[in-house]
Number of protein chains: 2
Amino acid sequence: MTNRLARLLPIAGWLRDYQGQTFVSDALAAVIVTLMLVPQALAYALLAGLPPEVGLYASMLPLVAYAVFGTSATLAVGPVAVASLMTASALGGIAQAGSPEYVGAALVLAALSGLILFGMGLLRLGFLANFLSHPVISGFVTASGILIAGSQLGHILGIQGGGHNLLAMVQGLLSQLDRINPITLTIGGGALVFLYLCRTFLKRGLVGLGMGERLADLTAKAAPVTAVMVTTAVAWVFELGAKGVNLVGEVPSGLPDIALPSLAPDIWATLLPAAVLISLVGFVESVSVAQTLAAKRRQRIDPNAELIALGLANMTAGVSGGSPVSGGFSRSVVNFEAGAQTPVAGALTAVGIAVATLTLTGLLAFLPKATLAATIIIAVSTLIDLPAIRRTLSYSKSDGAAMLATILLTLGQGVEAGIVVGVVLSIGLHLYRTSRPHSAVVGRMPGTEHFRNVQRHEVEVDDCTVVLRVDESLYFANARYLEETVLQLVSDHPLMKNLVLACQAVNDIDASALESLEAINRRLSDAGIRLHLAEVKGPVMDCLKRTPFCDELTGQVFLSTYDAWKALVTTADGFLKTG
Amino acid sequence: MTNRLARLLPIAGWLRDYQGQTFVSDALAAVIVTLMLVPQALAYALLAGLPPEVGLYASMLPLVAYAVFGTSATLAVGPVAVASLMTASALGGIAQAGSPEYVGAALVLAALSGLILFGMGLLRLGFLANFLSHPVISGFVTASGILIAGSQLGHILGIQGGGHNLLAMVQGLLSQLDRINPITLTIGGGALVFLYLCRTFLKRGLVGLGMGERLADLTAKAAPVTAVMVTTAVAWVFELGAKGVNLVGEVPSGLPDIALPSLAPDIWATLLPAAVLISLVGFVESVSVAQTLAAKRRQRIDPNAELIALGLANMTAGVSGGSPVSGGFSRSVVNFEAGAQTPVAGALTAVGIAVATLTLTGLLAFLPKATLAATIIIAVSTLIDLPAIRRTLSYSKSDGAAMLATILLTLGQGVEAGIVVGVVLSIGLHLYRTSRPHSAVVGRMPGTEHFRNVQRHEVEVDDCTVVLRVDESLYFANARYLEETVLQLVSDHPLMKNLVLACQAVNDIDASALESLEAINRRLSDAGIRLHLAEVKGPVMDCLKRTPFCDELTGQVFLSTYDAWKALVTTADGFLKTG
């Protein structure tokens, strides 16, 4: 009973044993993550084309919802870069960025993503995320990183950015080069250089000055806070807002209202495809981060419970004024390294953001948008993983093709086209590969019971008995190919009397393949050849026994290839050596 | 050179050796097929909602085109039942059946199907047809047969039929029951009973009267000609046209004009999805028939050459006033049994149809449509294969589900929805099956080098060395599942020191699965367990060698599971028996 409750409501599992010592660790981690999250929440709202408070609201109640239902102790939920880019892309066609309709649609998008994730969790559909292959995800994240960086260049230059693909962005920037604001460029460029130097050298420098490794690392990661404070102060003192520098502007002080998002069916229908993609990508990223961190402490997370927790977090975002959320990679790592022990750290982070919203909004009004753009560019530069592209290309042509297609389409057409084509292409290429399966005529390794490919090994073969090892499950896409392979084999071996299909690699025979096997059996019988099976697996044999095929089979079913060899190859046939 | 020419232009291969004797065989077959094709051409035009001459035109020049480029000696090309139903469904939303726009769209559909087939042939995409699995095709053909029979009931009753799904048809018929024409019903019902009796008893009766088996069979198959002649004569003598019996009406005498079909881009775009489906279904049916017949004479056909030939035949139909064509099952069998030796039989059939069109159209004007409807109903009754449904359901749940979905959607929503959902569902179910692969801990069969599942066989196992046989290729959809399986195994075997992955069933490891294997290797290493691989196939090993994985692997790669067993299981560990 207790176990079942803990599965439905993870908080019930760990809260009983919660101790004061754990609270201190969690609270410390929460302070550090809050410092990191305040500028990120504002920046990702900027990236999504939303007012800054939407990012802050997405960093409060959704974190509490995740803390109650999530199974990861360290996953830091909130607005993230890729989901913000996808949000901007989904809402761009619906309303003017920043308008009330635009914000309303963002809440619908969060609620809809939440319902989708929650529903997938109830139906235990977590496996659907497996169809986003590593190369597709990796290519998509790299291309998204490039798009995000490109979308922020306008803010650094003080001109209007925009466009949901690389070409539109470049065109937009080039057409406005005469309108660059030099003060904005100075602030944005300065922040960019400062953040880059902090990321690259600060940690090493602090360690050189005698600071502990972990503390130095966390200090370096707090650099964006420094940039925010300094540039805010500069903008306030020199009244840069009056000089054409875009500032964040007034942020409503106070906590979000709780209200249902718009229930207009046409907006929900319009946003559905984008919500599905945001849900899947957010889930895959969250689970990867959570599993990686859990494995380091020998903990497990439950993907279907994560779906429910992320679903509830997004639904909470939708009713509390927030944009879609998922587990962020860099914040989760910081949370982990700062010593978060339980989801309480996440709940305390929400409290920290609430305090910041109540107290700091007067100051944040003077924060230059260029500073936020600089923090985004530095943050997403870690998403761009060019070595992974090279590695994938060198390992497998078809994985590489799916990855390149994802990257090029994401850059050229936008995020939706990129990920959809990537998924369809990787499934299509997989089906294509399995539709022309590898098969090999095998012979006996001398003195053993082991059989290997005659073209790769010195093995014994026999003219009358040919053993064909089929290296793929037999199903509709390759059933006809098997028929053709066997017909070719028959014409290549005029003396053949027995054909043994070695089925150790055949994990499944579907109804189409069964019909093909029946056709092969009949055709071989016409040609005076008996068909035998060897090493048929238990589950496959169970299936075949339910059909008349085993009775119609002209030959036998052998337990092992060696049994078939012993029974069919007599010494009178003589052995032949081949190389 | 000659071989290559014969591959590009099959007629060049066989025409050199063509002899008088062969011509006599081909001509005889052509006469019999012509007798069968005249009523079928008219009937399938009726089914497609087209004027009768369109069916006749589709039976002339397209047959000549196929004779020049086809690789099957006996495939009888022309209008067929399922393609005619699909044509009616595709054109139903575009124009009023029988109107000039409707006929024009039918020509576009033929030309477009031809271009698609031709293009697939050039790109050697014949394998795409493999994705129409046997259960989906079989279910689709059965449901189409029911729809076709339903669509013809109106003609038998003398009322307006129509509707592209079963519900609409039944509703349409029920609402007009008061308008049934008793004379039409007498003719249609009489023809139906006559044709049924001929099909069921005539052949046996003729054999009983001393006629040869083959001749009796062909005579029975000519029964529709008799029905056509008798009912035409009755309609003429009794002037049934004036009494409310629908007759075929005036058929333009003469040969078709050669003209390009409409080139309006919007019609082409609208018809594209339907053309793709008609092409694929027609191709699959044609190739199945052609391969079955070719195998009986130990001949081969070339699927990609068939694509080109069928493509050219359909393009020819599009420019010579015909509807889409493909290889018909029953006519091809008759052609084969009547002794057709080469594609010349097909060309001579075209001549026969041309002669009929030039001489018989005056008479055909008096042919009652009810007679044609009766021939269609009897012809498609062979398409309805209920035992195949039962067989598929009992063999495999997922194949059965795909088949049932195809049948129900075809009947309930129409042909396009049925086949598309069937294909998507069969691919989805296949991916789902392979995303949760079977795996088994295996042990050694005592005294052999053979390893089997510990849960199915009495085998020797060892506490320190666990052998896991993975029964599926490793790819993105199941990579994460493997990680979970291995983690579970580790927690179930506290004494484990070595894990051997037996890879005889692993036909492919893609980039996603490689990353999972690397993760498994690292995690096992943390737990003090070495990871070994055994029986890795040549092509898979070639791939792995291109990566750092083999260097990082904590254990070894063994040629066979037995080699791994010998090296890792020492007698000191002691053997355990399990059942």
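This is a predicted model: local features need pLDDT of at least 70, side-chain atom pairs count only at pLDDT 80 or more; totals for chains, interfaces and linings use all residues.
Local features need pLDDT of at least 70, side-chain atom pairs count only at pLDDT 80 or more, and totals for chains, interfaces and linings use all residues. Residues are numbered from 1 along each chain as its sequence is written, chains are lettered from A in the order in which they are written, and side-chain values use heavy atoms, without hydrogens and water.

A salt bridge here is a side-chain nitrogen of Lys or Arg within 4 Å of a carboxyl oxygen of Asp or Glu. Over all chains, the count is 18.

A:D471 and B:K537 form a salt bridge at 3.2 Å, N to O. Helices (H or I, at least four residues) and strands (E, at least two) are DSSP runs, numbered from the N terminus. Both A:D471 and B:K537 are buried. Buried means under 20% relative accessible area, exposed over 50%, and partly exposed in between (1.4 Å probe, protein chains only).

Now look within chain A. A:R523 and A:E483 meet at 3.3 Å, N to O. A:R523 lies in helix α22 (residues 511–526) and A:E483 in helix α21, so the pair ties together parts 40 residues apart in sequence. A:R523 is partly exposed at 23%, while A:E483 is buried at 10%.

A:D563 and A:K566 also form a salt bridge, at 3.8 Å, N to O. They are separated by about one helical turn because they are three residues apart in helix α25 (residues 561–568) of chain A.
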